[in-house]
Amino acid sequence: MPTEVAREAATGLLQNVEAVKSLAAAFTIAIGAIAPALAIGRLAAAAMEAIGRNPEAASKVQTAMILSIAFAEAIAIYALVIALIIKFV
């Protein structure tokens, strides 16, 4: 009887650990996806405004914008990797 209670307690604890891991992974990817999305939106808006004000500098602005978007997107990829590590390790 005591071993059965201990087994049930251990099973419940493992389920709680898995639930906490799932929640942590969910929060990680949620924050890691929202922040780069907002950053990319602001970058594109600022770039479009700059191009609108100075159309001759469009190529320079576009290059800087694409590079900045790539760096912002890398944060989302890092968040995805961290979420996968939290979930499966």
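Student: Before the details, what counts as a salt bridge here?
Tutor: A salt bridge is a side-chain nitrogen of Lys or Arg within 4 Å of a carboxyl oxygen of Asp or Glu. The model is predicted, so local features need pLDDT of at least 70 and side-chain atom pairs count only at pLDDT 80 or more, while totals for chains, interfaces and linings use all residues. Residues are numbered from 1 along each chain as its sequence is written, and side-chain values use heavy atoms, with hydrogens and water left out.

Student: How many salt bridges does the structure hold?
Tutor: The structure holds 1 salt bridge. In that pair, the side chains of arginine 53 and glutamate 49 meet at 2.9 Å, N to O.

Student: Where do arginine 53 and glutamate 49 lie?
Tutor: Both are in helix H1 (residues 2-53), 4 residues apart, about one turn of the helix. Helices are DSSP runs of H or I with at least four residues, numbered from the N terminus.

Student: Why does a spacing of three or four places matter in an α-helix?
Tutor: An α-helix has 3.6 residues a turn, so residues three or four places apart point the same way.

Student: Is arginine 53 buried or exposed?
Tutor: Arginine 53 is exposed, at a relative accessible area of 67%. Glutamate 49 is partly exposed, with 46% relative accessibility. The cut-offs are under 20% relative accessible area for buried and over 50% for exposed, with partly exposed in between (1.4 Å probe, protein chains only).

Student: Changing topic: at what angle do H1 and H2 pack?
Tutor: H1 and helix H2 (residues 58-88) pack at about 175 degrees, and their axes are 8 Å apart. H1 is therefore roughly antiparallel to H2, a label for angles over 145 degrees. The axes are lines fitted to C-alpha atoms, for helices over the stretch in contact, and the angles run from 0 to 180 degrees between N-to-C directions.

Student: Which residue classes make up the contact of H1 with H2?
Tutor: The contact has 24 nonpolar, 4 polar and 4 charged residues. Nonpolar covers Ala, Val, Leu, Ile, Met, Phe, Trp, Tyr, Cys and Pro; charged covers Asp, Glu, Lys and Arg; the others, Gly among them, are polar.

Student: And which residues of H1 are buried?
Tutor: Ala25, Gly32, Pro36 and Ala47 are buried in H1. The buried residues of H1 pack against H2, where contact means heavy atoms within 4.5 Å.

Student: Which ones are buried in H2?
Tutor: In H2 they are Val61, Met65, Ala72, Ala76, Ala79 and Ala83. The cover over the buried residues of H2 includes H1.

Student: How far does H1 reach from its first C-alpha to its last?
Tutor: H1 has 52 residues and reaches 76 Å, close to the 76 Å expected at 1.5 Å a residue. The expected span is 1.5 Å times one less than the number of residues. For H2, with 31 residues, the span should be 45 Å, and the end C-alpha atoms are 44 Å apart, which agrees.

Student: What separates alanine 39 from serine 68?
Tutor: Their C-alpha atoms are 9.2 Å apart, although the two residues are 29 residues apart along the chain. Alanine 39 is found in H1 and is partly exposed at 30% relative accessibility. Serine 68 lies in H2, and serine 68 is partly exposed at 27%.

Student: How far apart in space are serine 68 and threonine 3?
Tutor: Serine 68 and threonine 3 are 58 Å apart, C-alpha to C-alpha, and 65 residues apart in sequence.

Student: Where is glutamate 73?
Tutor: Glutamate 73 is in helix H2 and counts as partly exposed at 37% relative accessibility. Glutamate 73 and isoleucine 40 are 7.9 Å apart in space, C-alpha to C-alpha, and 33 residues apart in sequence.

Definitions and conventions: Helix = DSSP H or I, 4+ residues; strand = E, 2+ residues; numbered from the N terminus. Parallel < 35°, antiparallel > 145°, perpendicular 65-115°, else oblique.
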